[in-house]
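Load the model in a viewer and keep the selection panel open. The stops below are meant to be taken in order.

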Amino acid sequence: SPYGERSLAPVKVVDMRTELKAGNRSIFSLALSRALSQVLSRGQQAILFLNRRGTATFVQCRDCGFALRCRRCDIALTYHQSEERLVCHQCNYQRRLPDTCPRCHSPRIKYLGLGTQRVEEDVKLAFPSARVLRWDRDAIKGKQDHETILNSFLNGKADILIGTQMIAKGLDMPAVTLVGVVMADTSLHFPDFRAAERTFQLITQVAGRAGRGPEKGEVVVQTYSPEHYAIMAGAKQDYLPFYEQEIAYRRQYRNPPFTRLVRLLYSHTNASRCQKEAERLAGLLRDEKEARGLGAIEVIGPTPAFLERIRGHYRWQIILRGLEPVSLLSGMNLPRGWSIDVDPMNLM
């Protein structure tokens, strides 16, 4: 490729707390708005990236950026609107939603999240003449739709592409000179111990989508947590400081690679039966652990899965953690409805 020697596009991290204090309540920072205007005036293309699960699930202070996390597991607490409570989807710790931020006591603590439709609406309001394409699960009805949307954008039939994970990786779009990560915090505060790692990967991947043609590119990352090590290292494309901080946290909270995990997942159409079965098996596993002297294996949960209901089926999970957690299951016959995932790639 004639552009194979190019360095990655520079990444600008925008502190959305500062934007809010300056009176900007838009989902677009001043830097991203200006960059979009410039791209459109030059007849180039832009990508606006959101994480697919960017719905209102985590709670964050808009003044200081503090996000509520589980003290035992160090993963973000998930907001359940129906019960107005916060839940740890690893150990089932629960607490009520606070009225003020525990760190800076600001009343501006709220659940955050954006969907692609909201971003599309705001783009059309801010840039009425821009041609906008949306590439997410809702816009894809069949296998051909991926190719149709991509080809339409590659052929210059749209100025701005709004999308999710599927546009972050590997695509070569020479006319794209700007990539905006609308809210990096959605991936940063997932209820999963790999959330920081995935955020670092995301910023690194999207930086590779801008400036692949002859024109220089730029990346704008919007966040309420600009000082977080995953975002700082991702913006600099600097793996080592990210690794050193992340591996220290993994060791502290006994997460892989220092232990192994087994995820047991139960699904049922009846919510109460699903919960009772998960509680029953967790009790059996703890009894088995004691009887066999397997004290080094932790039985964590049960807890509702982060995606608590899929296609009419409720889902509860149990996590086993230790050096050889699968040994606890040897000789046990799991009832129908349970699935086992050894070394799961995510706990969602």
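**Whole chain.** This is a predicted model. Show it as a cartoon first: the chain has nine helices and 15 strands. Of its 348 residues, 51% are buried. Among contacts with a separation of 6 or more, 72% are between residues 24 or more positions apart.

**Largest nonpolar core.** Select Phe-153, Leu-161, Met-173 and Val-219, the residues with the most contacts inside the largest nonpolar core, which has 31 residues. Then colour the elements that each supply at least two residues of this core: β2 (45–49), β8 (132–135), α4 (143–154), β10 (176–181), α6, β11 (218–223) and α7 (229–236). Helix α6 gives the largest share, six residues.

Stay on Phe-153 and display what surrounds it. Leaving aside neighbours within four places in sequence, Phe-153 is in contact with Gln-45, Ala-46, Ile-47, Leu-133, Ala-158, Asp-159, Ile-160, Leu-161, Met-173 and Val-176. One of these contacts, Ala-46, belongs to a second, separate core of 25 residues.

**Largest pocket.** Which residues lie nearest the centre of the largest pocket? Select Arg-69, Asp-74, His-228, Tyr-229 and Tyr-249; they are the ones nearest the centre, out of 24 lining residues. The elements that give two or more residues to this lining are α6 (195–207) and α8 (239–252). Helix α8 provides the largest share, four residues. The lining divides by class into eleven nonpolar, six polar and seven charged residues. The space in the pocket is about 540 Å³.

**Arg-17.** Move to helix α1 (residues 16–21) and pick Arg-17. Is this residue buried or exposed? Arg-17 has a relative accessible area of 13%, so it counts as buried, the cut-off being under 20%. Show side chains here: those of Arg-17 and Glu-227 are joined by a polar contact of 3.1 Å. Beyond its neighbours within four places in sequence, Arg-17 is in contact with Arg-62, Asp-63, Cys-64, Gly-65, Tyr-224, Pro-226 and Glu-227.

**Ala-31.** Next, select Ala-31 in helix α2 (residues 30–41). Ala-31 is partly exposed, at 22% relative accessibility. With neighbours within four places in sequence left aside, its contacts are Lys-12 and Val-14. Draw a distance from the C-alpha atom of Ala-31 to that of Val-220: the two are separated by 7.6 Å, although the residues are 189 apart along the chain.

**Cis peptide bonds.** Switch to a backbone display and go to Pro-256 and Pro-257, where the peptide bond is cis, with omega near 15°. Pro-257 sits in the loop between α8 and β12 (260–268). Another cis bond joins Gly-301 and Pro-302, with omega about 10°. Pro-302 is in strand β13 (residues 298–310).

**Positive phi.** Two stops remain. Arg-254 is in the loop between α8 and β12, and its phi is near 55°, a positive value in a residue other than glycine. Arg-254 is partly exposed, at 34% relative accessibility. Finish at Asn-92, in the loop between β5 (85–87) and β6 (94–96). Asn-92 has a positive phi of about 75° without being a glycine, and its relative accessible area of 22% makes it partly exposed.

Definitions and conventions: Residues numbered from 1 in each chain as written. Predicted model: local features only at pLDDT ≥ 70, side-chain atom pairs only at ≥ 80, totals over all residues. Heavy atoms only, no water. 1 Å grid on protein atoms, 1.4 Å probe; cavity = no way out; pocket = protein on both sides within 12 Å on 5 of 7 lines; lining within 4 Å. Points joined across faces, edges and corners; volume = space filled by probe spheres on them. Nonpolar A, V, L, I, M, F, W, Y, C, P; charged D, E, K, R; others polar. Buried < 20%, exposed > 50% of the residue type's maximum accessible area, 1.4 Å probe, protein only. Polar contact = N/O pair within 3.5 Å; in protein donor to acceptor, adjacent residues only side chain to side chain. Contact = heavy atoms within 4.5 Å. Core = buried A, V, L, I, M, F, W, Y, C linked by side-chain atoms within 4.5 Å.
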